[in-house]
Amino acid sequence: MLTDPIADMLSRIRNANRAMHDTVSMPTSRMKEEIARLLLQEGYIKDFKVVEAAPVSNLVIELKFGKNRERVITDLKRVSKPGRRVYAKKDRLPRVLGGLGTAILSTSTGVITTRQAAERGVGGEVLAFVW
């Protein structure tokens, strides 16, 4: 049993990215699908899809690389963990690498980036940093 499925997702993406795999597969959930949607929207991955299977559905993420196989995702970091939750108010949203990276937040309006949170004027739980 996993205690932190989001950290497992980020670790799988990080490991597959470092091993230069084209795709990575993991058990799916709505939260993982929303994080994958944000990664696609921000241009960190090529595509993702949910593959229906018998016991549990799988989320398959297609990783993105540059022209000469350079990595698009440099690193991923889980911020808020089950043992220590991290929250950000609307006026104290985190910046990743001075705005070059993306912070993913879970808010009352759904899973969004800090850029979207600043536009909407909401805060929430800081799930992860991607750069």
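How do the residues of the lining of the largest pocket divide into nonpolar, polar and charged? The model examined here is predicted. In the lining of its largest pocket, five residues are nonpolar, five are polar and three are charged.

The volume of this largest pocket is about 170 Å³. Its lining comprises 13 residues, and those closest to the pocket centre are Pro 94, Gly 99, Gly 101, Thr 114 and Arg 115. Helix H3 (114–120) and strand E6 each supply at least two residues of the lining. H3 contributes the largest share, three residues.

E6 spans residues 102–107 and runs antiparallel to strand E7, residues 110–113. Four bridges join the two strands. The hairpin connects E6 to E7 through two residues. Within this pairing, Ser 106 stands opposite Val 111 of E7.

A separate description applies to strands E1, E2 and E3. These three strands form an open sheet with antiparallel pairing, in the order E1-E3-E2. Strands E1 (23–27) and E2 (45–51) stand at the edges; each has a single partner strand, so one side of each is left without a neighbour in the sheet. From one strand to the next, the twist averages 20 degrees. Six bridges pair E2 with E3 (residues 58–63) in the antiparallel sense. Phe 48 stands opposite Ile 61 in E3. In general, strands of a sheet pair through backbone hydrogen bonds, in either a parallel or an antiparallel manner. Side chains in a regular strand alternate between the two faces of the sheet.

The helices H1 and H2 remain to be described. Two packed helices are characterised by the angle and the distance between their axes. H1 covers residues 5–18 and H2 covers residues 30–41. Their axes come within 10 Å and cross at roughly 40 degrees. Angles under 35 degrees would count as roughly parallel, and 65 to 115 degrees as roughly perpendicular. H1 and H2 are therefore oblique to each other. The crossing of H1 and H2 is right-handed.

Methods: Residues are numbered from 1 along each chain as its sequence is written. This is a predicted model: local features need pLDDT of at least 70, side-chain atom pairs count only at pLDDT 80 or more; totals for chains, interfaces and linings use all residues. Side-chain values use heavy atoms; hydrogens and water are left out. Two strands pair if DSSP finds at least two bridges between them. On a 1 Å grid over the protein atoms alone, a cavity is a set of points where a 1.4 Å probe fits but cannot get out, and a pocket is an open set with protein on both sides within 12 Å along at least five of seven lines; lining residues have an atom within 4 Å of a point. Grid points are joined across faces, edges and corners, and a volume is the space filled by probe spheres set on the points. Ala, Val, Leu, Ile, Met, Phe, Trp, Tyr, Cys and Pro count as nonpolar, Asp, Glu, Lys and Arg as charged, and the others, Gly among them, as polar. Axes are lines fitted to C-alpha atoms, for helices over the stretch in contact, and angles run from 0 to 180 degrees between N-to-C directions. Angles under 35 degrees count as roughly parallel, over 145 as roughly antiparallel, 65 to 115 as roughly perpendicular and the rest as oblique. A crossing is left-handed if the near helix is turned anticlockwise from the far one by less than a right angle, and right-handed if clockwise.
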